[in-house]
Amino acid sequence: MPAKATPPGERPVAAADAAGGGAERRQLTVLFADLMESTALSESLDPEVLRRLIRAYQTACAEAAERFGGYLAQYLGDGVLIFFGYPEAREDSACRAARTALNILERVAALNRTFQEELGLEVGVRLGLHTGTVVVEHLVGDRLQTPLATGETPNIAARIQALAPRNSALLTAATCRLVTPVMLCEDLGQHTLKGLARPLRLYRLQGESGMASRWEATAAAGLSPLVGRQTELAWLRDTWREVLAGRPRWVLLSGEPGIGKSRLVDTLAREIQPPAARVLDCQCSPYRQNSAFAPITDLISRKLDLTRPDPPAVRWGRLEARLVQDGLAGEEVVPLLAPLFELPVPVHHPSRDLPLPRRRQKTLEALTTWLLQVAEREPTLLIVEDLHWADPSTLEVLGGIIQAHGTHRLLLLLTGRPEFQPPWPLGDGGRVWTVSRLEEKDVVRLVGAVAGERALSAATAREIARRTDGVPLFVEELTQMLVETGAGETGGGSGGRPATAWGEAIPATLQDSLMARLDRLGSAKPLAQWGAVLGREFRQDILEAAAGAGLNDVAAGLGRLTTAGLIARRGTGVPATYVFKHALVQEAAYHSLLQATRRDYHRRTGEVLEREFPEVSAAQPEVVAQHFTVGGAVRSALT
């Protein structure tokens with residue numbers, strides 16, 4: 001059996017680099033899992049038995065990581081290191097890590113039932129999770145042919161797992177902040193870890209809270225005032241009145257992450273109160289894009305308590321009673337829907353003999369009919385969020401509802417990101433509404449509402465408006481970060497947060513979301529990083545000259561960045577000028593570069609401006625000086 005490995009943060013940690021090279025900074029949530037009492041097991045078990053046990057444990061960890069999008073970076077003896085946010089960032093990396101930890105504990109518990117029966121023994125596992133910044137670098141010629149991740153983050157994850165009770169997971173405050181209140185965590189107070197000068201507050205992961213997303217959790221905790229959405233809300237209210245008059249409608253609210261789609265939906269839903277109408281809401285999930293009818297079955301399970309550990313016959317009866325109540329033939333429909341809820345169908349029931357395509361079609365028709373039948377009986381608001389993650393079967397059900405003729409009083413209210421294009425014709429009953437950004441005056445109002453009694457200076461509020469570009473989520477998170485750190489408060493005559501500190505002002509809650517947008521660019525990501533060095537606004541010809549041969553087909557790459565909504569062309573003149581649509585996206589791209597790389601890029605830019613663009617140097621000498629200053633070329637900067 002391999003010897004106990006050195007904690008990973010004390011030396012480079014291996015991982016695979018899908019991108020194939022380059023070093024960059026990124027925020028990771030690291031999960032470290034350790035098999036307990038491995039030395040004692042190696043002394044008491046035959047090597048073949050021990051090998052089978054360890055392989056089963058490693059497989060449990062690997063399968064859990066794969067299920068929730070983690071990257072299995074390395075086996076360290078009987079430890080397992082898993083990265084979340086690498087090689088591609090995701091908006092909910094910390095929650096994925098927490099779900100993986102819970103799943104590993106479930107899988108180990110299942111393994112123990114087998115080990116107890118076969119071998120008369122039980123294994124234990126300890127898990128540690130921490131979120132922080134690492135540097136990922138690909139070492140060409142390295143025997144492992146993998147990149148290295150360095151920094152204290154893996155080390156801290158390894159250290160805290162050693163403090164975890166048997167079969168449990170511990171989180172640092174940095175991770176707990178990102179998963180609460182989607183996850184339930186028990187505060188264990190401050191702890192001193194070996195090798196760390198500062199104590200860390202640790203939390204024990206207890207389980208999921210039952211809330212599907214941070215938005216749902218935020219809504220439950222209390223929302224900030226809705227600002228700048230009077231036009232959209234008035235139009236939604238008018239659409240609902242049309243539905244009440246017997247004209248079914250469907251609406252897709254389209255917009256980038258954080259723009260406020262869910263907030264508009266929530267506001268309308270709160271105004272439509274039962275028993276005058278029925279509100280049904282469900283959400284597509286990135287974890288279940290390949291699960292047929294996933295959001296609809298989740299909705300039914302939630303409404304009928306089908307997830308409770310009742311006997312199958314009780315759950316079957318509950319499903320049949322609701323179908324009959326809604327006007328359907330329960331004895332015919334329940335056997336079609338039962339497999340969706342893991343209910344066994346009687347052996348001799350005719351539905352078991354249906355060919356799979358025919359069974360799927362009848363199931364689709366049954367779900368569509370059921371939802372339409374509900375709307376025939378009473379006005380219904382059916383909400384389906386995040387259609388960019390919808391499974392194909394769910395889209396077919398929604399298509400069937402949209403194309404159904406009749407006077408059913410149904411408003412189908414959908415949300416999705418710009419990349420989702422509805423596969424149904426708009427017709428007279430449908431409309432796509434693109435949710436716009438807030439104006440500066442509305443951003444300032446929102447900043448004041450979020451800050452509350454901890455008033456921020458007017459200069460700080462304006463700077464928040466400039467950097468967040470009217471995206472409400474960005475406004476709230478950045479404001480909350482400044483309030484928590486005490487920066488930017490009114491008083492002292494300083495005018496708020498020092499300008500030099502703004503460059504690092506990206507809340508941890510937004511780091512993963514911003515990096516996910518950059519990672520999805522693939523080969524165009526280095527272009528975004530180069531553009532970020534040049535500034536919020538940059539010229540294509542200067543970019544091409546400064547980057548040199550390091551970038552291929554700049555024009556095509558700029559087209560990809562434009563299509564992705566990260567930059568926009570300003571005017572139609574020559575040379576082409578582009579601007580980052582979000583200051584925070586520019587800063588995320590900029591700070592993903594290593595400091596040494598940034599210095600090199602700035603120095604090269606200064607040299608190019610001085611040599612090839614004398615008109616820029618003459619008109620904006622301060623820009624050239626700034627590039628040389630950051631690039632470490634002090635003499636050139638002074639000139």
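1. The side chains of Lys525 and Asp519 meet in a salt bridge, with 2.7 Å from N to O. This pairing is found in a predicted model, and the points below should be read accordingly. Both Lys525 and Asp519 are buried. Their salt bridge belongs to one network, in which shared partners join Glu24, Arg26, Asp519 and Lys525.

2. Lys525 also belongs to helix α18, which spans residues 525-534. The helix is mostly covered, since nine of its ten residues are buried. Besides Lys525, the buried residues of α18 are Leu527, Ala528, Gln529, Trp530, Gly531, Ala532, Val533 and Leu534. After α18 comes Gly535, which has a positive phi near 135°.

3. Two further salt bridges deserve a comment. In helix α14 (residues 440-451), Arg445 and Asp442 lie three residues apart, about one turn of the helix. Their side chains form a salt bridge with an N to O distance of 3.4 Å. Asp442 has a relative accessible area of 6% and is therefore buried, under the 20% limit. Arg445, at 47% relative accessibility, counts as partly exposed.

4. The other salt bridge links Arg308 with Asp310, and the closest N and O atoms are 3.4 Å apart. Arg308 is partly exposed at 41% relative accessibility. Asp310 has a relative accessible area of 18% and is buried; the cut-off for buried is under 20%. Over the whole structure, a search finds 39 salt bridges.

5. A parallel sheet forms the next topic. This open sheet has five strands in the order β11-β12-β13-β10-β14, with parallel pairing. Strands β11 (278-283) and β14 (430-434) stand at the edges; each has a single partner strand, so one side of each lacks a neighbour in the sheet. From one strand to the next, the twist averages 15°.

6. Within this sheet, strand β10 (residues 249-254) runs parallel to β14, and five bridges join the two.

7. Which residues does Ile401 contact, leaving aside its neighbours within four places in sequence? They are Thr368, Leu371, Leu372, Leu382, His408, Leu410 and Leu412. Ile401 itself is placed in helix α13, residues 392-403. Its relative accessibility is 4%, so Ile401 counts as buried. Thr368 lies 33 residues from Ile401 along the chain, yet the C-alpha atoms of the two are separated by 6.1 Å.

8. An antiparallel arrangement is found elsewhere in the chain. Strand β3 (residues 71-76) and strand β4 (residues 79-84) run antiparallel and are joined by five bridges. Leu72 stands opposite Ile82 in β4. The two strands form a hairpin with two residues between them, and Gly77 in the turn has a positive phi of about 65°.

9. Some totals complete the picture. The protein has 25 helices and 17 strands. Of its 639 residues, 51% are buried. Among contacts between residues at least 6 apart in sequence, 73% join residues at least 24 apart. The accessible surface comes to about 29,100 Å², and carbon and sulfur atoms account for 51% of that surface.

Note on methods
Residues numbered from 1 in each chain as written. Predicted model: local features only at pLDDT ≥ 70, side-chain atom pairs only at ≥ 80, totals over all residues. Heavy atoms only, no water. Pairing = 2+ DSSP bridges. Helix = DSSP H or I, 4+ residues; strand = E, 2+ residues; numbered from the N terminus. Axes fitted to C-alpha atoms, helices over the stretch in contact; angles between N-to-C directions. Buried < 20%, exposed > 50% of the residue type's maximum accessible area, 1.4 Å probe, protein only. Contact = heavy atoms within 4.5 Å. Areas by Shrake-Rupley, 256 points an atom, 1.4 Å probe, with all protein chains shown as cover. Salt bridge = Lys/Arg side-chain N within 4 Å of Asp/Glu carboxyl O.
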